[in-house]
Amino acid sequence: MAKDIFDIIIEKEYHQLNPKELTELAEYCKNEHEFLAMKHVLAHSKSVATGPKIAPREATKQKLDELFVNTHGRQRSRPFYFHPVFQAAAVLAIGFAVWIFPDNNEIPEKTNLAENSAPKTAEKTTDHSPEEKSPVISTKETPPENLRKTKTPGIAPANGNSDLMEQAEAEEESRALVRYKAETASEMVSSADIHADRYEVSATMKSSEEAKRSYSTVSAPAVSVKDISVDADKSPFTSQPVTSMNVAAQKNVMNYLTAKY
Amino acid sequence: MRLFRPSYKEYTDEVLMQKIASGDQRAFNDLYERYATPLLNYFFRMLWKDREKAEDFVHDLFAKIIQKPESFDTARTFKTWIYSVANNMCKNEYKRQQVRSGTTNGLEAYSAIADENVNALQQTHHSLFGEEFQAKLNELDEKHREAFVFRHMEGLSIKEIAEILEISEGTIKSRIFYATKYLAEELVHYQPEKSKHHG
């Protein structure tokens, strides 16, 4: 606040006034005596103004607060997390947590750790990737043996490997046939107990013609998986698992043998 | 963008009034904290040191702010506006007292009480100077007293007083000088040098 003539009266003595101030005061203070009288009054006023003051009573404020609520309604307080100070504190806390708990995933080089000495091939076999776990077989991979031998009638093969599969089946059948023929030639006559319950191969059979006739009249070809599975351990294909493929192969062999002998 | 909103302490009186008009009670609390004590002391001085009356006047003034915040003249500063309202309340009270007592300005009754203490004041010297000062102040006519109180008791500038009373600064300055001279002449016997001279 800019000083005015009253501040000058309070701060200065009469003999300290400059001509300009004396001129301004001349209308109200004609001499030093009047100047001192005014100075005394103003000094007291200042002491009153800056002195202790009475404070309003609490009841007055309470009545006003009630009036404010009745007039404007009660204010809804904001949630504490909307307060900017809380938000800043939360950011600082997160930053501090990141700083105090650094990423410890890296393994120190000098740490003594056990090494897996298994060969890499073994790792590959034990490594179960999602693709290998999946029952879906990739078209580029070789199907398992049981699936490779499975042949669904009426459904066309899904890829070009079917020719190779058929060729392999044919070769396998031919090999089995040759092996069976050799075994039959040497053992059929003497081993009368083989397939005795079905074929009733007589121990006295001397020729294949007789066996052929006996088979065609007495025995009947196996027509179900169960029939074959029961004698699976007696069949010439014991080394192979009993599957529908094997049944089909056996049927083919039996038909072939029936037709031939 | 500021990270933190400014505290209510940083808001100007005028901004607080806008918030009060929108129902912000914190703004009202802050404004009350700023002006309740000065206004209570102003009423206390202007209304014959009647504490109860001063409290009632403070309540009525802030109740007006609560109920009719739109009555605040935004073209003026809040300080000068609220003191002008307070001054008008005092004037109305003077008129009421004048009607009741049949006196000229309602102050004579209080002055009479003060007059009883004149002799005691003269004897006890400076400790009672304040009481006689207040009594002589009350004897002043209204326009001189309000100017003097605003300037020397409430600490307002001459410019602010001119805005409150809506008169020129020169007139304010003249009224203050007149009131000061009157008090000085009436209280001259309390002046140390003068007392010595008389003694």
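Tutor: Before we look at any pair of helices, take one definition with you: axes are lines fitted to C-alpha atoms, for helices over the stretch in contact, and angles run from 0 to 180 degrees between N-to-C directions. Keep in mind throughout that this is a predicted model.

Student: How do I use that idea, and at what angle do the axes of helix H2 and helix H3 of chain B cross?

Tutor: In general, two packed helices are described by the angle between their axes and the distance between the axes. In this structure, the axes of helix H2 (residues 25–46) and helix H3 (residues 51–67) of chain B cross at roughly 145 degrees and come within 9 Å. The crossing of H2(B) past H3(B) is right-handed.

Student: Which residues in H2(B) and H3(B) meet?

Tutor: From H2(B) the contact includes Phe28(B), Tyr32(B), Leu39(B) and Phe43(B), while among its partners in H3(B) are Arg51(B), Glu55(B), Val58(B) and Leu61(B). By class, the residues of this contact between H2(B) and H3(B) divide into 13 nonpolar, no polar and two charged.

Student: Which residues touch the most other members of the largest nonpolar core?

Tutor: That core has 60 residues, and those touching the most other members are Met38(A), Leu39(B), Phe43(B), Val58(B) and Ile161(B). H2(B) gives the most to this core, with eleven residues. To follow one member, look at Leu39(B), which touches Val58(B), Leu61(B) and Ala86(B) when residues up to four places away in sequence are left out.

Student: Is Lys136(B) buried or partly exposed?

Tutor: Lys136(B) is partly exposed because it has 19 other C-beta atoms within 10 Å. This residue is found in helix H7 (residues 129–139) of chain B, and it touches Leu183(B), Glu186(B) and Leu187(B), not counting residues up to four places away in sequence. The C-alpha atoms of Lys136(B) and Leu187(B) are separated by 8.3 Å, although the two residues are 51 residues apart along the chain.

Student: Where does Tyr180(A) lie, and how many C-beta neighbours does Tyr180(A) have inside 10 Å?

Tutor: Tyr180(A) lies in helix H9 (residues 161–187) of chain A, and it counts as partly exposed because it has 19 C-beta neighbours inside 10 Å. Its C-alpha atom and that of Leu257(A), 77 residues apart along the chain, are separated by 9.7 Å.

Student: How many residues of chain A are in contact with chain B?

Tutor: On the chain A side there are 34 residues, in contact with 40 residues of chain B. Helix H3 (32–50), helix H4 (58–72) and helix H5 (84–100) of chain A each supply at least two residues of that side, and the largest share, twelve residues, comes from H3(A). By class, this side of chain A has 19 nonpolar, eight polar and seven charged residues.

Student: What average pLDDT does chain A have?

Tutor: Chain A averages a pLDDT of 70, and 52% of its residues score at least 70. Over residues 129–134 of chain A the pLDDT stays under 50, and the model has one contact beyond four places in sequence for them. Residues 201–205 of chain A also stay under 50, but for these the model has 13 such contacts.

How values were computed:
Residues are numbered from 1 along each chain as its sequence is written. Chains are lettered from A and ligands numbered from 1 in the order in which they are written. This is a predicted model: local features need pLDDT of at least 70, side-chain atom pairs count only at pLDDT 80 or more; totals for chains, interfaces and linings use all residues. pLDDT is the predictor's confidence in each residue, from 0 to 100. Two residues are in contact if their C-beta atoms, placed from the backbone, lie within 7 Å. Helices (H or I, at least four residues) and strands (E, at least two) are DSSP runs, numbered from the N terminus. Ala, Val, Leu, Ile, Met, Phe, Trp, Tyr, Cys and Pro count as nonpolar, Asp, Glu, Lys and Arg as charged, and the others, Gly among them, as polar. A residue is buried if 20 or more other C-beta atoms lie within 10 Å of its own, exposed if 12 or fewer, and partly exposed in between; C-beta atoms are placed from the backbone. A crossing is left-handed if the near helix is turned anticlockwise from the far one by less than a right angle, and right-handed if clockwise. A nonpolar core is a set of buried Ala, Val, Leu, Ile, Met, Phe, Trp, Tyr and Cys residues joined through C-beta atoms within 7 Å.
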